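Biologist: Before I rely on the labels attached to this model, I should like to hear the reasoning behind them. Please set each value against its criterion.

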Amino acid sequence: MSDKWLEWAKRIQSLSQAGLTFSKDIHDIERYEELREISAEIIEEYTDLEMEKIKELFTNETGYQTPKVDIRGAVFKDNKILLVKEKVDNKWSLPGGFCDVGISPAENVVKEIKEESGYETHARKLVALLDMNKHDHPVQPYHYYKIFMQCELAGGKAETGIETKDVRFFAEDDLPTLSTGRNTEKQIKMLFEFAKNPNKVAVFD
């Protein structure tokens, strides 16, 4: 769960970004810029992120701020789930990433699985739409919604991508060290439950 300080910092950032987008008054713009600075200072104080990186993240954002969408694909073979090893932290995650503009969620997840693991798949079922703030992920500067889709293996072979260094299938009782910013053990266990029970209803929040 997010700490209160992070909720406040994100909210201040969101309000300042909206103000900078819609305000025409020069004095109001100065106040919104100061609010954005305060939100960055809060995050710098309580995380390991450097101010330069925080400002880079925040100043690249324009327009009314909405949650970012991250999509992950659950692919099973022989009662094992497909995971990829991330280069950035040397830990394992479901293949996936941010949704790209111009293609659907199903198209996004199929593309991400192919790029990160080498496998061709078909998206078959939406199993979960989760608010990252309500699950055991490490703190993040942005608010994320996470989509989990069950996908059917259709071909291809294990092949690493630009962001991945290994590709394997893992049993439920033999999971590797997970990249918890991307997925938690509880979420992986949830996906095994959906694989065992095809009639299980999608979950949210």
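This is a predicted model: local features need pLDDT of at least 70, side-chain atom pairs count only at pLDDT 80 or more; totals for chains, interfaces and linings use all residues.

Biologist: How do you know that the span of helix H5 agrees with its number of residues?

Modeller: Helix H5 covers residues 185-196, which makes 12 residues. At 1.5 Å a residue it should span 16 Å, and its end C-alpha atoms are 17 Å apart, so the two agree.

Biologist: Which residues of H5 are called buried, and what do they pack against?

Modeller: The buried residues are Gln187, Ile188, Met190, Leu191, Phe192 and Phe194. The term requires under 20% relative accessible area. These buried residues of H5 pack against several strands, including S1 (68-77), S2 (80-86) and S7 (164-170).

Biologist: Why is Phe204 called exposed?

Modeller: The relative accessible area of Phe204 is 66%. The cut-off for exposed is over 50%, so Phe204 is exposed.

Biologist: What makes S5 and S8 a pair of strands?

Modeller: Pairing needs at least two bridges. S5 and S8 have two bridges, in the parallel sense, so they meet that criterion. Leu129 has Phe204 as its bridge partner in S8.

Biologist: How many bridges join S5 to S6, and in which sense do these strands run?

Modeller: There are 11 bridges between S5 and S6, and the strands run antiparallel. In S6, Leu129 has Ile147 as its bridge partner.

Terms used
Residues are numbered from 1 along each chain as its sequence is written. Side-chain values use heavy atoms; hydrogens and water are left out. Helices (H or I, at least four residues) and strands (E, at least two) are DSSP runs, numbered from the N terminus. The expected span of a helix is 1.5 Å times one less than its number of residues. Buried means under 20% relative accessible area, exposed over 50%, partly exposed in between (1.4 Å probe, protein chains only). Contact means heavy atoms within 4.5 Å.
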